[in-house]
Number of protein chains: 2
Amino acid sequence: MWYNGAVNARSENRIEMVLEFLGQKGAYLILRQLLEGPQRFGELQERTQLLPRTLSLRLKEMEAAGLVTRHRFAEVPPRVVYELTPRAEKLKPVMDALEEWAREA
Amino acid sequence: MWYNGAVNARSENRIEMVLEFLGQKGAYLILRQLLEGPQRFGELQERTQLLPRTLSLRLKEMEAAGLVTRHRFAEVPPRVVYELTPRAEKLKPVMDALEEWAREA
DNA sequence: CCGGATCCGGCTCGATACTG
DNA sequence: CAGTATCGAGCCGGATCCGG
(Lines give C-alpha, C1' and ligand atoms only; values in the text may rest on other atoms or scores of the structure.)
Protein backbone atom coordinates (compact mmCIF):
# COMPACT_ATOMS: atom_id res chain seq x y z
CA MET A 1 0.00 0.00 0.00
CA TRP A 2 2.16 2.85 1.13
CA TYR A 3 5.18 0.81 0.16
CA ASN A 4 4.48 0.09 -3.45
CA GLY A 5 1.18 1.61 -4.34
CA ALA A 6 -1.12 4.18 -2.87
CA VAL A 7 -4.58 4.28 -1.40
CA ASN A 8 -5.78 6.23 -4.36
CA ALA A 9 -2.58 7.70 -5.73
CA ARG A 10 -3.34 11.14 -4.33
CA SER A 11 -0.54 11.31 -1.79
CA GLU A 12 3.06 10.70 -2.60
CA ASN A 13 4.72 10.34 0.80
CA ARG A 14 4.12 7.86 3.58
CA ILE A 15 2.67 10.10 6.27
CA GLU A 16 0.12 11.53 3.92
CA MET A 17 -0.83 8.04 2.79
CA VAL A 18 -1.31 6.91 6.38
CA LEU A 19 -3.47 9.91 7.13
CA GLU A 20 -5.39 9.45 3.94
CA PHE A 21 -6.09 5.88 4.92
CA LEU A 22 -7.07 6.73 8.48
CA GLY A 23 -9.36 9.42 7.17
CA GLN A 24 -11.45 6.85 5.36
CA LYS A 25 -14.69 5.51 6.72
CA GLY A 26 -14.19 2.95 9.46
CA ALA A 27 -10.41 2.76 9.27
CA TYR A 28 -9.80 4.12 12.74
CA LEU A 29 -12.62 2.05 14.21
CA ILE A 30 -11.23 -1.17 12.79
CA LEU A 31 -7.74 -0.35 13.98
CA ARG A 32 -9.02 0.36 17.47
CA GLN A 33 -10.99 -2.86 17.55
CA LEU A 34 -8.07 -4.98 16.40
CA LEU A 35 -5.80 -3.38 18.98
CA GLU A 36 -7.94 -5.25 21.51
CA GLY A 37 -6.90 -8.51 19.90
CA PRO A 38 -7.50 -10.70 16.83
CA GLN A 39 -11.10 -10.85 15.71
CA ARG A 40 -13.36 -12.45 13.17
CA PHE A 41 -15.05 -10.66 10.32
CA GLY A 42 -18.46 -10.91 11.91
CA GLU A 43 -17.22 -9.65 15.25
CA LEU A 44 -15.66 -6.64 13.61
CA GLN A 45 -18.82 -6.03 11.69
CA GLU A 46 -21.12 -5.91 14.67
CA ARG A 47 -18.70 -3.95 16.82
CA THR A 48 -17.93 -1.31 14.23
CA GLN A 49 -21.40 -1.28 12.71
CA LEU A 50 -19.85 -1.04 9.27
CA LEU A 51 -21.37 -2.41 6.11
CA PRO A 52 -19.67 -5.63 5.00
CA ARG A 53 -18.53 -3.88 1.86
CA THR A 54 -16.77 -1.09 3.73
CA LEU A 55 -15.26 -3.45 6.27
CA SER A 56 -14.01 -5.74 3.56
CA LEU A 57 -12.45 -2.88 1.64
CA ARG A 58 -10.62 -1.48 4.66
CA LEU A 59 -9.36 -4.89 5.73
CA LYS A 60 -8.02 -5.58 2.28
CA GLU A 61 -6.25 -2.23 2.25
CA MET A 62 -4.78 -2.89 5.66
CA GLU A 63 -3.59 -6.29 4.57
CA ALA A 64 -1.94 -4.82 1.49
CA ALA A 65 -0.35 -2.18 3.69
CA GLY A 66 1.12 -4.78 5.98
CA LEU A 67 -1.05 -3.76 8.90
CA VAL A 68 -3.10 -6.92 9.30
CA THR A 69 -2.67 -10.59 8.61
CA ARG A 70 -5.59 -12.73 7.59
CA HIS A 71 -6.03 -16.23 8.94
CA ARG A 72 -8.38 -18.50 7.05
CA PHE A 73 -9.61 -21.73 8.66
CA ALA A 74 -10.95 -24.46 6.41
CA GLU A 75 -13.93 -25.31 8.54
CA VAL A 76 -17.67 -25.45 8.20
CA PRO A 77 -18.84 -22.84 8.73
CA PRO A 78 -15.80 -20.91 7.52
CA ARG A 79 -13.86 -18.84 10.02
CA VAL A 80 -11.55 -15.95 9.23
CA VAL A 81 -9.55 -14.11 11.85
CA TYR A 82 -7.84 -10.78 11.40
CA GLU A 83 -4.83 -9.84 13.45
CA LEU A 84 -2.66 -6.76 13.58
CA THR A 85 0.98 -6.99 12.58
CA PRO A 86 3.67 -5.85 15.04
CA ARG A 87 4.14 -2.78 12.88
CA ALA A 88 0.49 -1.87 13.24
CA GLU A 89 0.57 -2.36 16.98
CA LYS A 90 3.29 0.23 17.23
CA LEU A 91 0.62 2.72 16.26
CA LYS A 92 -1.11 2.33 19.61
CA PRO A 93 0.84 4.99 21.55
CA VAL A 94 0.46 7.39 18.65
CA MET A 95 -3.29 6.83 18.49
CA ASP A 96 -3.49 7.18 22.26
CA ALA A 97 -1.70 10.51 22.05
CA LEU A 98 -3.97 11.71 19.29
CA GLU A 99 -7.04 10.67 21.23
CA GLU A 100 -5.75 12.46 24.27
CA TRP A 101 -5.26 15.59 22.21
CA ALA A 102 -8.76 15.32 20.81
CA ARG A 103 -10.21 14.80 24.25
CA GLU A 104 -8.68 17.79 26.02
CA ALA A 105 -9.83 21.37 25.60
CA MET B 1 -15.70 22.26 13.52
CA TRP B 2 -15.28 19.12 15.57
CA TYR B 3 -16.83 20.92 18.47
CA ASN B 4 -20.18 21.87 17.04
CA GLY B 5 -20.29 20.70 13.47
CA ALA B 6 -18.43 18.19 11.41
CA VAL B 7 -16.15 18.21 8.42
CA ASN B 8 -18.81 16.53 6.39
CA ALA B 9 -21.00 14.97 9.04
CA ARG B 10 -19.67 11.49 8.35
CA SER B 11 -17.89 11.02 11.66
CA GLU B 12 -19.53 11.51 14.99
CA ASN B 13 -16.62 11.55 17.44
CA ARG B 14 -13.66 13.89 17.69
CA ILE B 15 -10.81 11.57 16.81
CA GLU B 16 -12.52 10.39 13.69
CA MET B 17 -13.22 13.96 12.70
CA VAL B 18 -9.60 14.91 13.17
CA LEU B 19 -8.45 11.96 11.10
CA GLU B 20 -11.05 12.67 8.48
CA PHE B 21 -9.78 16.23 8.24
CA LEU B 22 -6.12 15.24 8.15
CA GLY B 23 -6.90 12.73 5.44
CA GLN B 24 -8.06 15.47 3.12
CA LYS B 25 -5.92 16.90 0.39
CA GLY B 26 -3.27 19.28 1.70
CA ALA B 27 -4.36 19.28 5.34
CA TYR B 28 -1.22 17.72 6.68
CA LEU B 29 0.99 19.83 4.42
CA ILE B 30 -0.60 23.04 5.61
CA LEU B 31 -0.32 22.01 9.24
CA ARG B 32 3.35 21.16 8.79
CA GLN B 33 4.03 24.47 7.08
CA LEU B 34 2.30 26.50 9.76
CA LEU B 35 4.20 24.67 12.48
CA GLU B 36 7.24 26.51 11.10
CA GLY B 37 5.56 29.79 11.92
CA PRO B 38 2.83 32.18 10.75
CA GLN B 39 2.61 32.56 7.01
CA ARG B 40 0.76 34.39 4.28
CA PHE B 41 -1.69 32.84 1.88
CA GLY B 42 0.68 33.19 -1.04
CA GLU B 43 3.54 31.67 0.88
CA LEU B 44 1.46 28.68 1.83
CA GLN B 45 0.31 28.36 -1.73
CA GLU B 46 3.74 28.16 -3.27
CA ARG B 47 5.17 25.97 -0.53
CA THR B 48 2.35 23.46 -0.56
CA GLN B 49 1.68 23.70 -4.29
CA LEU B 50 -2.03 23.55 -3.60
CA LEU B 51 -4.70 25.13 -5.72
CA PRO B 52 -5.98 28.34 -4.13
CA ARG B 53 -9.37 26.75 -3.84
CA THR B 54 -8.11 23.77 -1.89
CA LEU B 55 -5.88 25.89 0.32
CA SER B 56 -8.72 28.26 1.04
CA LEU B 57 -11.08 25.43 1.93
CA ARG B 58 -8.61 23.77 4.30
CA LEU B 59 -7.75 27.05 5.99
CA LYS B 60 -11.39 27.84 6.52
CA GLU B 61 -11.98 24.42 8.01
CA MET B 62 -8.98 24.83 10.29
CA GLU B 63 -10.20 28.22 11.37
CA ALA B 64 -13.65 26.85 12.15
CA ALA B 65 -12.01 24.03 14.05
CA GLY B 66 -10.02 26.45 16.16
CA LEU B 67 -6.71 25.37 14.71
CA VAL B 68 -5.70 28.61 13.01
CA THR B 69 -6.31 32.29 13.47
CA ARG B 70 -6.54 34.59 10.52
CA HIS B 71 -4.98 38.05 10.61
CA ARG B 72 -6.18 40.49 8.00
CA PHE B 73 -4.21 43.68 7.35
CA ALA B 74 -6.01 46.56 5.68
CA GLU B 75 -3.25 47.41 3.26
CA VAL B 76 -2.83 47.70 -0.47
CA PRO B 77 -2.16 45.10 -1.63
CA PRO B 78 -3.99 43.16 1.04
CA ARG B 79 -2.02 40.91 3.37
CA VAL B 80 -3.40 37.97 5.28
CA VAL B 81 -1.40 35.94 7.75
CA TYR B 82 -2.37 32.57 9.13
CA GLU B 83 -1.15 31.37 12.48
CA LEU B 84 -1.66 28.19 14.44
CA THR B 85 -3.50 28.32 17.75
CA PRO B 86 -1.82 26.90 20.86
CA ARG B 87 -4.17 23.94 20.63
CA ALA B 88 -2.96 23.18 17.11
CA GLU B 89 0.67 23.45 18.13
CA LYS B 90 0.13 20.73 20.66
CA LEU B 91 -0.28 18.43 17.69
CA LYS B 92 3.40 18.71 16.87
CA PRO B 93 4.68 15.85 19.05
CA VAL B 94 1.87 13.64 17.85
CA MET B 95 2.65 14.37 14.22
CA ASP B 96 6.33 13.81 14.91
CA ALA B 97 5.54 10.42 16.39
CA LEU B 98 3.36 9.49 13.46
CA GLU B 99 6.05 10.56 11.02
CA GLU B 100 8.59 8.53 12.91
CA TRP B 101 6.34 5.50 12.69
CA ALA B 102 5.85 6.02 8.98
CA ARG B 103 9.57 6.41 8.42
CA GLU B 104 10.75 3.25 10.13
CA ALA B 105 10.45 -0.18 8.52
C1' DC C 1 -2.88 39.71 -3.40
C1' DC C 2 -6.47 36.88 -1.56
C1' DG C 3 -9.50 34.42 -2.41
C1' DG C 4 -14.98 33.27 -4.09
C1' DA C 5 -18.15 31.16 -7.81
C1' DT C 6 -18.98 27.72 -10.98
C1' DC C 7 -18.85 23.55 -13.61
C1' DC C 8 -17.74 18.93 -13.88
C1' DG C 9 -15.41 14.11 -13.72
C1' DG C 10 -14.33 10.59 -10.47
C1' DC C 11 -14.21 8.31 -6.46
C1' DT C 12 -16.42 6.88 -1.96
C1' DC C 13 -20.03 5.42 0.36
C1' DG C 14 -24.69 3.36 1.34
C1' DA C 15 -28.20 0.03 0.50
C1' DT C 16 -29.71 -4.15 -1.20
C1' DA C 17 -29.18 -8.38 -3.04
C1' DC C 18 -26.68 -12.72 -3.86
C1' DT C 19 -22.98 -16.76 -3.47
C1' DG C 20 -18.96 -20.45 -1.91
C1' DC D 1 -19.99 -17.17 7.88
C1' DA D 2 -17.53 -14.18 5.08
C1' DG D 3 -17.60 -11.80 1.82
C1' DT D 4 -18.80 -9.98 -3.61
C1' DA D 5 -21.94 -7.50 -7.26
C1' DT D 6 -24.42 -3.89 -8.65
C1' DC D 7 -26.51 0.52 -8.68
C1' DG D 8 -27.06 5.22 -7.47
C1' DA D 9 -26.20 9.43 -4.71
C1' DG D 10 -23.13 12.73 -3.01
C1' DC D 11 -18.97 14.76 -1.88
C1' DC D 12 -14.07 16.08 -3.21
C1' DG D 13 -10.91 17.98 -5.88
C1' DG D 14 -9.21 20.05 -10.48
C1' DA D 15 -9.55 23.86 -13.64
C1' DT D 16 -10.92 28.24 -15.02
C1' DC D 17 -12.74 32.66 -14.54
C1' DC D 18 -13.99 36.62 -11.83
C1' DG D 19 -14.01 40.37 -7.81
C1' DG D 20 -12.51 43.48 -3.66
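1. In this predicted model, the contact between the two chains involves 28 residues of chain B and 28 residues of chain A. Because 100% of the interface residues of chain B are also interface residues in chain A, the copies meet through the same surface.

2. On the side of chain B that touches chain A, helix H1 (14-22), helix H2 (27-34) and helix H6 (92-103) of chain B each supply at least two residues.

3. Turning to symmetry, chain B is superposed on chain A by a rotation of 180° with 0.0 Å of shift along its axis, the RMSD being 0.1 Å. The two copies are therefore related as by a two-fold rotation axis. Of the residues of chain B, B:Gly23 comes closest to the rotation axis, with its C-alpha at 2.3 Å.

4. Within chain A, three strands form an open sheet in the order S1-S3-S2, with antiparallel pairing. Strand S1 (39-40) and strand S2 (68-73) of chain A stand at the edges with a single partner strand each, so one side of each has no neighbour in the sheet.

5. S1(A) and strand S3 (residues 79-84) of chain A run antiparallel and are joined by two bridges, and A:Arg40 stands opposite A:Val81 in S3(A). Helix H2 (residues 27-35) of chain A packs on the sheet, where it touches S1, S2 and S3 of chain A, and its direction makes about 90° with that of S3(A).

Methods:
Residues are numbered from 1 along each chain as its sequence is written. Chains are lettered from A and ligands numbered from 1 in the order in which they are written. This is a predicted model: local features need pLDDT of at least 70, side-chain atom pairs count only at pLDDT 80 or more; totals for chains, interfaces and linings use all residues. Side-chain values use heavy atoms; hydrogens and water are left out. Two strands pair if DSSP finds at least two bridges between them. Helices (H or I, at least four residues) and strands (E, at least two) are DSSP runs, numbered from the N terminus. Contact means heavy atoms within 4.5 Å. Axes are lines fitted to C-alpha atoms, for helices over the stretch in contact, and angles run from 0 to 180 degrees between N-to-C directions. Copies are superposed by least squares on the C-alpha atoms of residues with pLDDT of at least 70 in both.
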